[in-house]
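Please keep the sequence and the 3D view open as you read.

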Amino acid sequence: MRLIIAFSIIAAGVVIAIPVLVVFTRRRRADRLRRRGVKSYNRTAGAAPAAAPSNRQ
């Protein structure tokens, strides 16, 4: 019985911790990209159009 209670407490902690960590990592990533000047930080990798000219020289 104690084993079931222990595993249920651990499982509840994991169920709560995973979404919280996902939100914090997304927020940190967006903040880092915003500091670098990237405006559209919600795009997936590779979604940028290939034909777009670059203004870097």
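This is a predicted model: local features need pLDDT of at least 70, side-chain atom pairs count only at pLDDT 80 or more; totals for chains, interfaces and linings use all residues.

1. Residues are numbered from 1 along each chain as its sequence is written, and side-chain values use heavy atoms, with hydrogens and water left out.

2. Start with the fold. The protein chain has 1 helix and 0 strands; helices (H or I, at least four residues) and strands (E, at least two) are DSSP runs, numbered from the N terminus. Helix α1 covers residues 2–36. With 35 residues, α1 reaches 51 Å from its first C-alpha to its last, close to the 51 Å expected at 1.5 Å a residue; that expected span is 1.5 Å times one less than the number of residues. After α1 comes Gly37, with a positive phi near 100 degrees.

3. How much of the chain is buried? Of its 57 residues, 4% count as buried, where buried means under 20% relative accessible area, exposed over 50%, and partly exposed in between (1.4 Å probe, protein chains only). Accessible areas come from the Shrake-Rupley method with a 1.4 Å probe, and for residues only the protein chains shown count as cover.

4. Now look for the 2 salt bridges, each a side-chain nitrogen of Lys or Arg within 4 Å of a carboxyl oxygen of Asp or Glu. Asp31 meets Arg34 at 3.5 Å, N to O, and these two residues are 3 apart in α1, about one turn of the helix. Asp31 also meets Arg35, at 3.1 Å, this time 4 residues along α1.

5. Finally, the surface patches. These are made of residues with over 30% relative accessible area and no salt bridge, joining like charges within 9 Å and nonpolar side chains (Val, Leu, Ile, Met, Phe, Trp, Tyr) within 5 Å. Leu3, Phe7, Ile10, Val14, Ile18 and Val22 make a nonpolar patch of about 580 Å². Arg28, Arg29, Arg32 and Arg36 form a positive one; Lys and Arg count as positive and Asp and Glu as negative, while His and the chain ends are not counted. Each charge is placed at NZ of Lys, CZ of Arg, CG of Asp or CD of Glu.
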